[in-house]
Amino acid sequence: MFKFFRSYLILLVALAAPASGETLRLYIDADYSISRHGAEAIELGVTTALSEVGSRAGGFDLEVLPRDHRANSKRSLATMRNYLRDPKGLAVIGGVHSPPYLTNKRFINENGVLLLLPWSAAGPITRADDGVENWIYRLSVDDTKAGPFLVARALSHAHCARTALLLVDTGWGRANKGTMRTAFETAQAQEPYVFMFPSSIGAASARTLVQSIARVSPDCVIMLASAAEGALLLNELHKELPSTKVISHWGILAADFEDRIAPATLSNMDLEVLQTCGLEQERQKAPALKRALDLASDAQSPFHSLSDIPASTGFVHGYDLTRLLLAAIEQSAQASDWAALSIQQRRAAVRLALTRLEAPVDGILKTYAEPFAPYSPAYRDAHEALGLGDLCMASFDETGRLVLVDHSPLGHL
Amino acid sequence: MAGRSINRVFWGLLIGSFAFALVFSAIAVWITSKPFLADTQKQAIMSQAKREAARVDALLDPSVSLTAFLATEPSLVSFVMGDQARDDAFVDRLSNTILPQEVTEFFVFDFEGQPISFHIVSPQAQSMELAASAADLAAFVLSTGEPTVRTIDSYRAVQSGTQELLIAAPIRNRGFAEGVLVTVVFIPFETDTISDGTSSMYARIVDPSSNWALVSAGQGAINVPIEATGLILSVKSEASLFRQIGQALVIQTILSIAAALLLPFAVFGWLGKQSILLPHAEMEMSRNKLREQQKELKELAAIAERAGEAILITDLDCRIMWHNPAFENISGYTSEEIRGQLPSKLLQGPNTSAEARAQIRAALQAFEPITIEVLNYRHGTEEYWIQLSISTMFDDEGQPYGYMAISQDVSDRKRDEANLLATTSAMEWQALHDELTGLPNRRYFNTTFDEICANPDKTRVLAIVRIDLDHFKNVNDTMGHEAGDLVLCEVARILREEIGPDDVPVRVGGDEFIVFMTVDGTLQKAQILATALLKRIAEPIEYEGKSLRYGASFGIASSSCKLVAHSELVRAADAALYIAKERGRNQVVCYGTEEHQQVNEVRATAELIRVGLDRGEFEPFFQPQFDAKTRRIVGAEVLARWIHPQKGVVLPSEFLQVAQQLSMLTILDKIVMEKALRHVAELEDLGLTLPRVSFNVTADRLCDPELLIAVDARPFRHTKMSFEILESVFLDDQPEYLDFNLDRLRDKGLSIEIDDFGSGHASMISLMRVRPDVLKIDQRLVFGAPHSRVCRNMVRSIIGIADSLDIGVTAEGVETQEHADMMQEMGCETLQGFYFSEPMRFEDLCVFLSAERQKHMQIAQ
């Protein structure tokens, strides 16, 4: 009965939907140049999720438009402007980097860019300013939780007494500096040494910086960096402070991180990287993951496990986030005037649906029941699909594969 | 001339040969070197262009490196990527970096080629002009990702000899160009200037990829690559440069050849000069000298022949050997008479100064030149003066062989000098003597006095006898000036005859004389002399058949130089003379103790009067006058009174005479009149009108222009004015314009009264001329009338005269009723005297007039 009713509804929607050939576009605003792996992983997740529905939802064909912002906030902003001018542009799916969205957050919210973030972790991105609508939704690590999580990892798990914070000098890094220092204060631990570095740091500057860190002799370093500078810094840390434990945000995994650093170095270092718990799902041989990997695979690129996909986090999150979007589109399309809506109205309708998803959505990481809610200052996590319990830590094995170091829920920390 | 000619020819040929050799050498060099010149010129320009290109390259290189370096600045990368809202950190970096001075500004473009900031670092920056070019370059660099240097075609740069370039470097993030940094540099060109001062090279940096730029650089330009930039330096040379280089080559060659030929030609010239020119020149010089000497001799001889001065040449024995015609003219002798003679015997005579002769002899013996004025004799008879100059003549060995004398006739000058001396003496005499009488004048007297008193013998006793002729004016007026002159000359003659040898007779002016006794001038001697003179002067003299009588008054003062000054002694004699005049003239008064005391009293009184005048102590008193019949007041006479602080009211008899002596009477009259006029005006204001007011005036006062002004300005209308003039005025010399002024006063309605009539013996003719309105009978006649028949007759006579002339009569000095009745009975119209009222102050007059008015009003009622 239920199945029949559901089929009937789909038929009604199909009949009410525009004729085949009308398209809505999903922009992927990501760094295809520097963090190419992360961008491609996200795109793979998105297209895999779309392929499950034949790239069609709400009566529209869905088209993916990848756009490379090269980690340049201005390029990202240009993409946003193009999207806003595009009558078919339904949503923008973000890339790895947080700075473009931190920088352009006000523009995004004021102009109604429906932005879905599968990777960017900076906390303030999904917290709108007072009096401004919040159009940004995330299915990823939230630094407001990741920062304290990493600090807790250092203090409680690794028992670090002298911790150095090594943070990229961007909005992402600056936002984490505040949350992490607060976490140290809350834990009544020794105040950490803070070292900021520019996003375009070179090898010489990296060496100088690490030498400065070595002078304070930390036993732990918590690092926020993208892949390129993260690799530079880790190589230098391995030389100067080989025994120091490094606890890294996952930004280093977004690009060709593994290509820039030797596997032996990775395995020799006491390095832990933040992850969502996709690896845990794989360990548990979750069927959703299996189906997704199968859909993503083709003859040239068969994916047997997440480790076969570079920057697999992007794939997992992109897939899950797209599934939530598709559910929102379908839910919006149930409205009688869906076909007649302008693109702005459709964006608004889908946004509304995202916060009021009526049915649970199955994803790789988990089944999402009401992942988003209307944002208010009182409910600052309303646009976060994942929580503290979705975070895990991983390390590299001898072959350079990421392996879970602790599969216990992070919320237990 | 010939010497100069041969010199000119020789040197002309030498220099011509030298120039000829140079020109042909230069032509040969030019023809030979011409094929190589163009190539050399081109290489020179190429070399210069390469140097300029290297210089520009060196200028640009730091800026290119700096741009590339700054483009990697992390803060700039963050800014370009939007991670930093502002490029403050980049600005800080700029301010901490030493920038090449060629850099003027920076532009920053984002990934779309949009300018997002610019920074000016030099005042030469031209942002507005360059923005578009910078944006084009930024777009190019974003597309290529390569650093690029590009030119800007700017009119301003071409004009100013500078050029602006843009250096662009991509701002990369992880190897990707996310923006562009464009640096603007300002390249100055060094222009090559040559000798004519014009710019010969024109350099520009052009982009080899730009056809337009290459075309604009021009045909024939030489292009040199600038290493660091990929640009080329295009150098265009002016045609004049090639010409200049060619010319420079030829000039250098000519100079070299000239230097090489100079020595041989110089040697040739020197040898020619030594062997040809110098011997020729010496010979020519000897000839010239001889010619010049001959010429000079001829000229001298001609000058001597024509000279106005007499020239004489003698041998050492002073025998005349040669003379010129002028000597014959001046001396009067012929050539035959002169030759071989001694000039001293020929020319000098008895009046020739022996001293001059001696001086000439001494000079001749000493062979020294002499110039002297000597008296000569023309032909032994006629004297004439010459100025003679004699000099000794020496031969080449310095031995004297004769004398030359040059003389000129100076007789005219000598005569002029003598005349001038005589004229000067005459003028001096005139300056010190009276022309009429020939006596010394006042200046002579003063000078003599001062000279005597300058003598060390200060005890010398001097006397001054001051003489003033009495009534001399009458002689002049009645007998004419010739008679007066005769009198003066007669007096002078008497003085000369009577005085002693040491006495000096002086005419000091007019009818005044002085005898200055310079030796032993005691008072006694002076008095004796004065008495003798008085006696002689009193004797009548005859003039045109008539006897002229006149007298003289004498004042004598005596002292020694050490006791009194010159001026004091003269003043004392004057005072004595005045006293003599006062005492009735025709007498001698010595300035003794009594006179001195009298003078001092006068001086003291005079001082008091001066003070009194300053303090306003002189007041008008009013003595009323009454109608003889009705006994009603008809007027008042204003009388001056001195209200002395100690003495009280002082009567005029005590001060009028002194005031008159000191010439203060006029001012005194003026002051009293001014006050009286004001009082009369006050009376009018009080309603107590006085019918008439009369003032006593002197003859001088009547001639004072201010009197007429005061009359016109009188501040009352009803009271009539009259002036009383003393009868004696008409006996004295009347001032000029008296008659005229009396007429003017009469025209203004004033009446004229003759005061004290009957005491002054004025002539009836004078009276008729004045035509008075009233005669005031002298009070002495009125006093005497009751008791003296003579007085009564006199009064009647006066009244009779007045009646006949239709003149009113006023009786003064009416002190009793008897006087009043008698005068009334005899026909007097107006009465004045103590019987009616004493002179009174203004305040008393007011009371008196009020009382009179009331009395008559009561009578009328």
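## How the pieces pack

The secondary structure of chain A consists of 14 helices and 15 strands, where helices (H or I, at least four residues) and strands (E, at least two) are DSSP runs numbered from the N terminus. This is a predicted model, in which local features need pLDDT of at least 70 and side-chain atom pairs count only at pLDDT 80 or more, while totals for chains, interfaces and linings use all residues. Residues are numbered from 1 along each chain as its sequence is written, with chains lettered from A and ligands numbered from 1 in the order in which they are written.

Of the 413 residues in chain A, 54% are buried; a residue is buried if 20 or more other C-beta atoms, placed from the backbone, lie within 10 Å of its own, exposed if 12 or fewer, and partly exposed in between. Among contacts in chain A with a separation of 6 or more, 74% join residues 24 or more positions apart. Here two residues are in contact if their C-beta atoms, placed from the backbone, lie within 7 Å.

Now for a helix pair. Helix α2 (residues 36–52) and helix α13 (residues 312–333), both of chain A, have axes that come within 7 Å and cross at roughly 35 degrees. The axes are lines fitted to C-alpha atoms, for helices over the stretch in contact, and angles run from 0 to 180 degrees between N-to-C directions.

The largest nonpolar core has 125 residues, of which A:I93, A:L115 and A:I222 touch the most other members. Such a core is a set of buried Ala, Val, Leu, Ile, Met, Phe, Trp, Tyr and Cys residues joined through C-beta atoms within 7 Å. Helix α13(A) gives the most to this core, with eleven residues. Not counting residues up to four places away in sequence, A:I222 touches A:L150, A:V151, A:A154, A:T163, A:L165, A:M180 and A:I247.

The strands of chain A have their own story. In strand β14 (residues 391–396) of chain A, five of the six residues are buried. Strand β11 (residues 271–276) of chain A runs antiparallel to β14(A), and four bridges join them; two strands pair if DSSP finds at least two bridges between them. One of the partners is A:C392 in β14(A), which bridges to A:Q275.

Next, the partner. Chain B has 28 helices and 29 strands, and 31% of its 861 residues are buried. Five of its strands form an open antiparallel sheet in the order β2-β1-β5-β4-β3. At the edges stand β2 (115–120) and β3 (148–151) of chain B, each with a single partner strand, so one side of each is left without a neighbour in the sheet. Within this sheet, strand β1 (residues 103–109) and strand β5 (residues 176–188) of chain B pair over six bridges, and B:V103 stands opposite B:V185 in β5(B).

B:I226 lies in the loop between β7 (222–225) and β8 (232–237) of chain B, and B:I226 counts as buried because 24 C-beta neighbours lie inside 10 Å. B:D57 is 169 residues from B:I226 in sequence, but their C-alpha atoms are 5.6 Å apart in space.

Finally, where do the two chains touch? In all, 19 residues of chain A are in contact with 13 residues of chain B. Helices α3 (73–85) and α4 (99–111) of chain A each supply at least two residues of the side of chain A that touches chain B, and α3(A) provides the largest share, five residues. That side of chain A has eight nonpolar, eight polar and three charged residues.

Conventions:
Ala, Val, Leu, Ile, Met, Phe, Trp, Tyr, Cys and Pro count as nonpolar, Asp, Glu, Lys and Arg as charged, and the others, Gly among them, as polar.
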